[in-house]
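Student: I am new to this structure and would like a close look at one part of it. Please start there and then show me what lies around it.

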Amino acid sequence: IRRKKNADKSASRRKKEKEAEAPEGRDEEEDVEEKVTSPSRSTKSKKSKSKFKAESIDEIMATSDEDMRKGDSRSLSTLGTADETLDEINNGSHTDTEDGDTIEEASSEEVETRTTRTSGRKGKNTIMNKDVIIHAPGGAENLVVRKMYYTPAPKEPEDVIIQVEASTVTVRDCLLCRGIGIDKARYPFTPGCEIVGTIADLGGKAKLEGWRIGDRVVAFDHTKGGGNAKSAKVHMGNISMISTTIDAASAACLVDVYMSAYKALRLGKKDGMPLTGRKILITDGFSPIGQAVVALAKLEGANIFVTASDSSEQEYMSSLGVKCFPLSPTKWLHKVAGKMDVVIDNTCIDSYESSWEAVSPEGVLVCTTGMTSTLNFRHDEFGEGCASGCADAFGLNIPKYRSKWAAMKAKYLMSNTQFLDLTECLTTDPKGYQQELKYLCFLVESGALVPKVAERIQIEEVADAHRYLETGKSNGTIVCVPNDNS
């Protein structure tokens, strides 16, 4: 209707101008003839000198339809080519170039990508987030790097979004990915249980608790992970403030490894006195927690003994100024039985029996949740390692039940024994955890303590780090540092 009215107005104006410009003596028949034979948009009238061009209703409608078809074709081109089929779209080959999503389903060795176009960017995508994910229990070969053109947002009032500066890659991550051990992860799962970064967003309840965007925090959750990413979502109950000047990789080591070592030594001080001159035995001293205990115990002047699995590890530990024994209890128990003031066991080779026998009547046995003999891939004296076989003929997860039995035994049946669960410590006494973390940060910043970082890697190297950890040769803590330019 609008086009018809405009055409009528145009024809009326044209008629008036022609009447004004027509020479005298021109009869009405010539005017009528000119009106009928006046050209369309593509042809100029030889008789009319008017700057306006006559257009018929049919021509206007035909041109409008053509323009609309061109507009429709442009709109369709933003959704995909004409040859694109529904199967191709369902298979992940479709790309929405305007404001939709792009989802590329990758195999276990390819990159899985989910993208969302950010507003204000024409023809260019910017990766907003990246992580490592595993969809079902499996090894390093099942880990997939996922790139996203959006950042996570708080879904619950307690959620906190952290822009990750560093996160750890540990044996615990390997176990959670494989679905073995005491702790169980929910899939899909992103490894990285210890996180250091700044708060980028947070829910309403987290704001009420005093957290603010820009706060530098550490976070850890031994079952949910999520740290091997550029942005991570954590619960506000699992975060704690940290110094703004400490190196991110060093801070990531403090969150779990050095905090566990520090608390283990505190539990070993039965009378609260310093450990100067006391005898301390650390099983699997080459492990990250073992080396952390050695570093902290040396600050107090303790006499340190450790166990190590092979000659290379024993040689390295000897270079730190400690006395080494072989890993097997049968080769060292007869030398130290009943003589140790403090024994810190993070291997659980024989459900803590040998370590308990090494403790003096006035001594203390501290059992950690490390349990490297049942939870890693090399110290399994009851059969093959976890990587090759973790279930018996009846489908029972043997390491899981061994670990549970050992924990119950240490908590309720063994005298002079303390069981350390760092997650429980953070939950029950968050202020105490934060104060002790401040002390460890002070030691690092003053130069008295140097956390052992085995290697700094990027997100794409996490799968290779898992393979390396399963060999048991990692000397220190592997830290994932996301590359902002990737």
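Student: Take helix H5, residues 171–178. How many of its eight residues are buried?

Tutor: Six of the eight are buried, so H5 is mostly covered. Keep in mind that this is a predicted model. The buried residues of H5 are Arg172, Asp173, Cys174, Leu175, Leu176 and Cys177.

Now step off the end of the helix. Gly179 follows H5, and its phi is positive, near 80 degrees. Further on comes the loop between H5 and strand E6 (194–202), where Pro188 is found. The peptide bond joining Tyr187 to Pro188 is cis, with omega at about 0 degrees. That deserves a second look. Most residues other than glycine have a negative phi, and most peptide bonds are trans.

Ser351 is not a glycine, yet its phi is positive, near 60 degrees. Ser351 sits in the loop between strand E13 and helix H11. Its relative accessible area is 17%, so Ser351 is buried. Asn416 is another non-glycine residue with a positive phi, of about 55 degrees. Look for Asn416 in the loop between helix H13 (398–412) and strand E15. Asn416 has 31% relative accessibility, so it counts as partly exposed.

Six strands form it, in the order E12-E11-E10-E13-E14-E15. The sheet is open, and its pairing is parallel. Strand E12 (323–326) and strand E15 (417–419) are the edge strands; each has a single partner strand, so one side of each has no neighbour in the sheet. From one strand to the next, the twist averages 20 degrees.

E12 pairs with strand E11 (residues 303–308) over four bridges, in the parallel sense. Thr307 has Phe325 of E12 as its bridge partner. Next, go to E13 and E14. These two run parallel and are joined by five bridges. Val343 has its bridge partner in E14, namely Leu365. To get from E13 to E14, the chain passes through helix H11 (residues 353–358), and this β-α-β crossover is right-handed. E14 itself is mostly covered, with seven of its nine residues buried. Three bridges join E14 to E15, and the two run parallel. Val366 has Gln418 of E15 as its bridge partner.

A helix lies over this sheet. H7 lies across strand E10 (279–282), strand E13 (340–345), strand E14 (359–367) and E15. Its direction makes an angle of about 155 degrees with E14. Ser260 is part of H7. Ser260 has a relative accessibility of 7%, so it counts as buried. Leaving out residues up to four places away in sequence, Ser260 touches Ile289, Leu420 and Leu422.

The largest nonpolar core has 51 residues, and Leu254 and Leu440 touch the most other members. Helix H7 (residues 248–268) gives the most to this core, with 14 residues. Look at Leu440. Leaving out residues up to four places away in sequence, Leu440 touches Leu254, Tyr258, Met259, Tyr262, Leu296 and Leu449. Another core, of 20 residues, lies apart from the largest one, and its members include Val169, Ala185, Ile459 and Ile478. In soluble globular proteins, nonpolar side chains tend to be buried together.

Last, the whole chain. The protein chain has 16 helices and 17 strands. Of its 486 residues, 46% count as buried. Take the contacts between residues at least 6 apart in sequence: 66% of them join residues at least 24 apart. The accessible surface of the chain comes to about 25,500 Å², and 50% of that belongs to carbon and sulfur atoms. Back to your helix, then: H5 is mostly covered, with six of its eight residues buried.

Note on methods:
Residues numbered from 1 in each chain as written. Predicted model: local features only at pLDDT ≥ 70, side-chain atom pairs only at ≥ 80, totals over all residues. Heavy atoms only, no water. Core = buried A, V, L, I, M, F, W, Y, C linked by side-chain atoms within 4.5 Å. Buried < 20%, exposed > 50% of the residue type's maximum accessible area, 1.4 Å probe, protein only. Contact = heavy atoms within 4.5 Å. Pairing = 2+ DSSP bridges. Axes fitted to C-alpha atoms, helices over the stretch in contact; angles between N-to-C directions. Areas by Shrake-Rupley, 256 points an atom, 1.4 Å probe, with all protein chains shown as cover. Right-handed = clockwise from strand over helix to strand, strands pointing away.
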